[in-house]
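Dear colleague,

Please find below the structure that I am handing over to you. My notes on it follow directly after.

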Amino acid sequence: MLPESKSRGPSVERIAGWSVRHRVAAITGWFALVIVSVLASTVLGLDSVQSTDPGESGRADRVLDAQTGYVPLQENVLVQPLKGGSSLAVNSQVRGAIMDLTGRLREAPGAVAKLRSPLEPGGADLVSEDGRSGLVTVQIAGPDEQFRDHYSAIEQAVKEVAARHPGVRLAQAGDASLSAAVNDGIKDDMKRAEFISLPLTVVILLVVFGSLIAVGIPLLLAITTVLAAFGLLQVVAHWVPVNSATSSVVLLIGIAVGIDYSLFYLRREREERAAGRTVTEALKITTRTSGHVVVISGLTVMLCLTGLLFTGLDNFRGLTAGTILVVGLAMIGSVTVLPAVLAVLGHRVDKARLPWLGRRRTAVGESRFWTAVARTVVRRPRLWGGLAALVLIVLTLPAFAMRLQDAAVTDSLPREVPVVDAAIRMQEAFPGSPLPAWVVMWEKRPGALDAPGVRQAVRKLDPITTVRVDRIMVARVPLADFGTGETANRSLEELRAVKAPAALGAVEGLDYAVAGKTAFAYDFTEQITERTPLVIGFVLVLALVLLAVSFRSPAVALVSILLNLLSLGAAYGVLTWVFQDGHLSGVLGFTPYGGVIGWLPLFMFVILFGLSMDYHIFILSRIRERQAAGASVRQAVVTGIGASSGVVSSAAVIMTAAFSVFVVLSAIEYKMMGVGLSVAILIDATLVRGVLLPAVITLLGERSGAARPPA
């Protein structure tokens, strides 16, 4: 049987009860918290801390950060005939464009620190193997505060020269332009997500509630929660690195949990009022039941999220802080301002109904469909439970071939982005040149870089360019590929293990490390892979303890974890089948690159393990209530599933809608996250909670004598 948990309701009830009695104070206090949170970072004026890369690339990163001098970024301009064309040596059009470009760049006042041309002495390595293309490299002059102006001057010069030479292609890609493309893509994606997600959420809420006033309550909690979380996150950023991906996830999770928690409250409060109870009585029961579930679910999500800290990665520290903040605020709001608002509105919460839809939606009743499904399952739990498990196992199979690989810029963004197209063409003509590896050398003793043999040793690396700043030197060395695939990784491993030690190992007083985009992705994935068992172990043990304490049943806790693992495995399988294997690429608008984003499976594991507990605990609590009232396990399962399925289905639709918005964005990382989370939620709310859970609880009850009520 499903045992009665030791209720922690009185604590939640006291808080919510105070809010109901002091409605104005509770509502005013919540909005004051939101306003203070939003203004906190501005008032305090705190600086943000920057993240440090993992592994060897992190060592180089720390050395670069410690320098006071300016390390110039590099841009590359590919110059080649638009159609066919002879070799660079005799092609007057291409040679003329190169000379025009170099002349124009040198005229840009103070913008260029160093320039190399294939037509000047020592530029033979800047001519492509087929002889048709040339590469002009330019280092952007500093200092930091003038970088933007200098970069704009260089970009403008390239555009002007390209306009004067219509028969020649001038394609720019490098450190600054590729980073700008990623940042612009993120900003555009975020605007698109915000533009789509809010109207879509409103439409779904209208269908769920059928009342304009009822729709406003979840939106109120979700929007204020996200605003407060963003404000506090800016304060936290003084100590913890926060990047743009963190903001996206905070928005995503904040809307999802804010609406979910409101939904749990509203539906239960409506149910109790429909049973003839007063608003105060309905809120008291709602707090004791749904409020308790929200608190347990919120704490579970937050504690599971702390598992990401075991990765030791700066990016996950910010992600953990942001998601814990937004979930914690949503949980606090659900037991303070939410009961107060419902108490103020009373029966008016069902006003402003939509024609036809409103009357049906404001009525409360069991779901006929899921009640029928549950009744069928409990009659033959082994058959239906076995079939559901088999389906999930089949969906999981592709995940065993999952290959973790971060997407290069050219994999992440569509080729329609000009700098992405430039980088691809540049890679074809000059492998590794768009974003070469950085071999960072620094002095262990003063003057080591001034030794006679250093320059000769560095030349053995075949760098495109070198730059000396303070007590460091940076050599940009092209790899076989500038991406993050196997070719690039093998080339990086060779540079680190063979080429760099052979060239620099004998130089006394000098140390070095290899960094760059390829190196960062490689080191990040290596650390993720190494630390994943620790994170998974922590989350599993923590979830087992939390569920066992909540329901006083190790068997129920263990079954809950196994169901979550089946759901996650199926989501991983779908993710691999779609993105790594390239199925549905035309429909979803992406180009497969043979891998799955390195951080996504672990992120999905932690997030979904916490979020799925919302549904799980909610359904188990409903079943437990029926058992406490004297129903048999089979009866409790059928009526519990029927009563809770409306809330779970509505919550799953809303959360899936929030996640699926990311599928329409341009970056493949967001598409993967949207598909992975949406599929996982749908599987969890239907096949797992609608079929597997009732089957397992029925079998578990029969084995332990479920006919008797819990103690």
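The side chains of R273 and E269 form a salt bridge, with 2.9 Å from N to O; the term denotes a side-chain nitrogen of Lys or Arg within 4 Å of a carboxyl oxygen of Asp or Glu. Please note that this is a predicted model, in which local features need pLDDT of at least 70 and side-chain atom pairs count only at pLDDT 80 or more, while totals for chains, interfaces and linings use all residues. Residues are numbered from 1 along each chain as its sequence is written, and side-chain values use heavy atoms, leaving out hydrogens and water.

R273 and E269 both belong to helix α8, four residues apart, or about one turn of the helix. Helices here are DSSP runs of H or I with at least four residues, and strands are runs of E with at least two, numbered from the N terminus. R273 is buried at a relative accessible area of 11%, and E269 is buried at 0%; buried means under 20% relative accessible area, exposed over 50%, and partly exposed in between (1.4 Å probe, protein chains only).

Helix α8 (residues 244-274) also holds R268 and E272, four residues apart. Their salt bridge brings the closest N and O atoms to 2.8 Å. R268 counts as buried at 5% relative accessibility, and E272 likewise counts as buried at 5%.

In helix α10 (residues 314-335), D314 and R317 lie three residues apart and form a salt bridge of 3.1 Å. D314 is buried at 14%, whereas R317 is partly exposed at 33%.

Yours sincerely
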